[in-house]
Amino acid sequence: MDPFFIYTICFYIGVGITILSKFLSIFHWIILFLLNLYCNGLQWMKCTFLLRRHGCIGPWSLFSVVFGGLYLVANVMGILGWWPLSVTSSDAIKRTGYLALLNIMPLFISFDLSYIADSLYISLRASRDIHRLAGLTAICHIIAHLTIMLASGDYSQNTKWTDDSYISKYLSIICLTAGPIIGFIIIPLLQLRRKHYELSSWFHLILTASLVTGIFLHLQSEGLFKQAGFLRYIYIYGGVVTLSLILQAIVFLGRNIRGLSLPKARCRLVGDSVVVNLELPTEIKLRPGQYFRIWLPRVQLMSSHPFTVSTWSEQRQRNVRFIVEQRRGFTQELASTLDKKQESLKFTAIVSGPHGARICLRNFHYVVMIATGYGVVPMLAFMKKLLCRPYRGFRRMILIWEYFDFDSDLLEEIIKADFNNLLTLDNPPKRLCICVYDHMHHNPRVVGENNRFFYPEGSPKMDENFNVETGLTSTFENRCEANDKVLVIVSAKLNIRDEVRLKIQNTTAKATLKELDYQPYGAL
Ligand SMILES: Cc1cc2nc3c(=O)[nH]c(=O)nc-3n(C[C@H](O)[C@H](O)[C@H](O)COP(=O)(O)OP(=O)(O)OC[C@H]3O[C@@H](n4cnc5c(N)ncnc54)[C@H](O)[C@@H]3O)c2cc1C
């Protein structure tokens, strides 16, 4: 069978599952089953150390490398066909063109990558990686398409690469390899997105719009819109995208509009940071680690930003609290608006979410939370849930929190209000232990510490703090037993995440690592 045909079939099955999985819960179980299979496979192979580093390029999991590799091989084979290669230049032109379209099409299936991540039960980072891979592959196909067309002169002439048109063959190979090199090495080196996020988002949008216009004009000039077969596919695709966008719009509007009221965000300045209390028009059930995308048009007209919920309640919630670190753009504008008024302000907000975090706390005996800086925000919700609704078998949890430069007023508020409240909820006591590595030496005290709240010196050392085999830490009185399961939740900077991964890969304990969508210090 023609590899191009196989590729097309697989591609559409993948896209179909993406859309349906959101609305048919059976796919939820299929995907969970596959993920489970993958995790067990990884544990069995024990060879993931190099692939899972955060530091250089990555992090790459074995799954992402295999998936990415197969995807690229499928694309190249979609053009070249089976060995021995006998593809003509006009075949190659057609195939690169169709493959470019196939890769571009799913990129428009959603307004926001968070919806894709939620539908596929993957992390925001993974959905971003898939988006990037498909986009770059499409660009490679476009470059190859144009280059072969130019190099082969009259592309309707059936020239075999193996016979004469060596130049077009080598040029297309160069294009196919140059794209990934530019995409994966040069663009990340520029770090445009990290330094100027809004600028790079607009740049991305403008490039996308011009690309789509270019493709449309090209297809029109080639007369493809007059071909009934091609038009049929375009109509099907148009229908699928429209349906998907309508469903997302319904969810989005449902979250924002109830009667005539929109969500309201009451913002107050705490030191340099901002605490946002979002009042939603409807009550919703929230899971710890979930985040909302918040748009405050009065503060910044054209941008929305993700923030993680810092509260949890057994009941459905209408009021959600966020803790916002001041950076250089929107967050700085918000803080300076509040600073000028010297009071808390109420803004009309438009939100999407809750997105992300399907972390199952069930079946774990110990939970270890590791956070740096503002990474503590989602942990507050996890701790509250574990204390208010402990699952059967749950014994203890520990929070290891390190900060170097944290707003001192906010610190007082978190420690005095949140931690005190959590320690009060810790009844029967000693299910909770908090280790704070305070490099600013403020060391605010809490009431009722009772050997549950510590300020150790120095930095967290994974061997001492996180000795999974012998019971996680010296501060834990209970010792882990062979069958105890440990959940490790991380929202921390790169080197800590690397250390934790390494520790978990080399442990004999049954430890599961979950990295949250929010990782502080610009480590998106
Ligand atoms: C899932 C998720 C949850 C988050 N939760 C929190 C939280 O609870 N508290 C908190 O203080 N911060 C959180 N953040 C980070 C927060 O979104 C950014 O700090 C904020 O958007 C910065 O806005 P800015 O214009 O001031 O940033 P800038 O100073 O312009 O940029 C600083 C960095 O913020 C990131 N960023 C900027 N704009 C966006 C955007 N629209 N979308 C995504 N990232 C962006 C970029 O990495 C950029 O390098 C979260 C991020 C993500 C992805």
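Modeller: Two strands pair if DSSP finds at least two bridges between them; strands (E, at least two residues) and helices (H or I, at least four) are DSSP runs numbered from the N terminus. This is a predicted model, where local features need pLDDT of at least 70 and side-chain atom pairs count only at pLDDT 80 or more, while totals for chains, interfaces and linings use all residues. Residues are numbered from 1 along each chain as its sequence is written, and side-chain values use heavy atoms, without hydrogens and water.

Let's start with β8, residues 366–372, and β9, residues 396–403: these two strands run parallel and are joined by 7 bridges. To see one of those bridges, find A371, whose partner in β9 is W401. Now widen the view. β8 and β9 belong to an open sheet of 6 strands with parallel pairing, and reading across it you meet β11, β10, β9, β8, β12 and β13 in that order. The sheet ends at β11 (453–454) and β13 (510–515), edge strands that each pair on one side only.

Next, turn to an open sheet of 4 strands, where the pairing is antiparallel and the order is β5-β2-β1-β6. Here the edges are β5 and β6 (345–348), each with pairing on one side only. Neighbouring strands in this sheet are turned by 25° against each other on average, direction ignored (axes are lines fitted to C-alpha atoms, and angles run from 0 to 180 degrees between N-to-C directions).

R293 and D112 meet in a salt bridge, at 3.2 Å from N to O (a Lys or Arg side-chain nitrogen within 4 Å of an Asp or Glu carboxyl oxygen). R293 is in strand β3 (291–295) and D112 is in the loop between α4 (89–104) and α5 (113–120), so the pair ties together parts that are 181 residues apart in sequence. The structure holds 6 salt bridges.
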